[in-house]
Amino acid sequence: MIEQRDLLIVPFPFSDQSGRKVRPVIVISNNLFNNHSEDVIVVGVTSNVKKERYSLPLTNKDLDEGKLFTNCIIKVENILRLERGLIIKKIGKIKMEKLQEIFLTLDKIIKIN
């Protein structure tokens with residue numbers, strides 16, 4: 001079963017839809033949604049650690065399960081609804097504190113000014 005906070009490997013599309021790249025993602029949709037949908041909602045993760053306005057660092061200290069082989073960045077603005085059948089594998093689970101950081105950053109992106 002796929003759960004909120006899971007760190008997965010999936011084919012993630014480029015923003016211009018010109019192709020896809022296999023990369024890690026974090027499940028942000030809650031377990032109620034995940035249990036009743038064929039899809040999950042995820043944010044992208046990259047090893048290109050260039051700090052951007054809506055990115056967050058991700059290190060092994062941020063994981064409850066699994067291991068990263070390099071420090072990464074969570075690209076909170078890269079949100080995707082993904083069909084479960086595209087999931088290649090689960091590689092870990094982030095800590096609740098990191099999920100809360102994701103939602104605080106997401107709020108900055110979508111809140112009404």
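Residues are numbered from 1 along each chain as its sequence is written, and side-chain values use heavy atoms, with hydrogens and water left out. Because the model is predicted, local features need pLDDT of at least 70 and side-chain atom pairs count only at pLDDT 80 or more, while totals for chains, interfaces and linings use all residues.

Helix 2 comprises the 15 residues 96-110. Helices (H or I, at least four residues) and strands (E, at least two) are DSSP runs, numbered from the N terminus. The expected span of a helix is 1.5 Å times one less than its number of residues, so helix 2 should span 21 Å, in agreement with the 21 Å between its end C-alpha atoms. Residues K98, L99, I102, T105 and L106 of helix 2 are buried, where buried denotes under 20% relative accessible area, exposed over 50%, and partly exposed in between (1.4 Å probe, protein chains only). The packing partners of the buried residues are strand 2 (20-27), strand 3 (39-46), strand 4 (55-58), strand 6 (72-83) and strand 7 (89-94).

Residue R5 is located in the segment before strand 1 (6-13). With a relative accessible area of 15%, R5 is buried. Contact is defined as heavy atoms within 4.5 Å. Not counting residues up to four places away in sequence, R5 touches I26, V27, D64, G92, K93, I94, K95, M96 and L99. Most residues other than glycine have a negative phi. R5, although not a glycine, has a positive phi of about 85°. Residue D6 belongs to strand 1 and is buried, at 0% relative accessibility. Its contacts, leaving aside neighbours within four places in sequence, are M1, V25, I26, V27, K90, G92 and K93. D6 and V42 are 36 residues apart in sequence, and their C-alpha atoms are 9.3 Å apart in space.

Other residues lie in loops or at exposed positions. K51 occupies the loop between strand 3 and strand 4 and is exposed, at 55% relative accessibility. N60, in the loop between strand 4 and strand 5 (63-66), is partly exposed, with a relative accessible area of 35%. Leaving aside neighbours within four places in sequence, N60 contacts K67 and L68. N60 and S37 are also 23 residues apart in sequence, but their C-alpha atoms are 30 Å apart in space. G66, a residue of strand 5, is exposed at 53% relative accessibility. Its C-alpha atom is separated by 5.7 Å from that of I91, 25 residues away along the chain. G66 is in contact with I91 and G92, leaving aside its neighbours within four places in sequence.

The second largest pocket holds about 190 Å³ of space. On a 1 Å grid over the protein atoms alone, a pocket is an open set of points where a 1.4 Å probe fits, with protein on both sides within 12 Å along at least five of seven lines, and lining residues have an atom within 4 Å of a point. Grid points are joined across faces, edges and corners, and a volume is the space filled by probe spheres set on the points. The lining of the second largest pocket consists of 14 residues, with P24, T46, S47, T70 and C72 nearest its centre. Strand 2 and strand 3 are the elements that give two or more residues to this lining, and strand 2 supplies the largest share, four residues. By class, the lining has eight nonpolar, three polar and three charged residues. Here Ala, Val, Leu, Ile, Met, Phe, Trp, Tyr, Cys and Pro count as nonpolar, Asp, Glu, Lys and Arg as charged, and the others, Gly among them, as polar.
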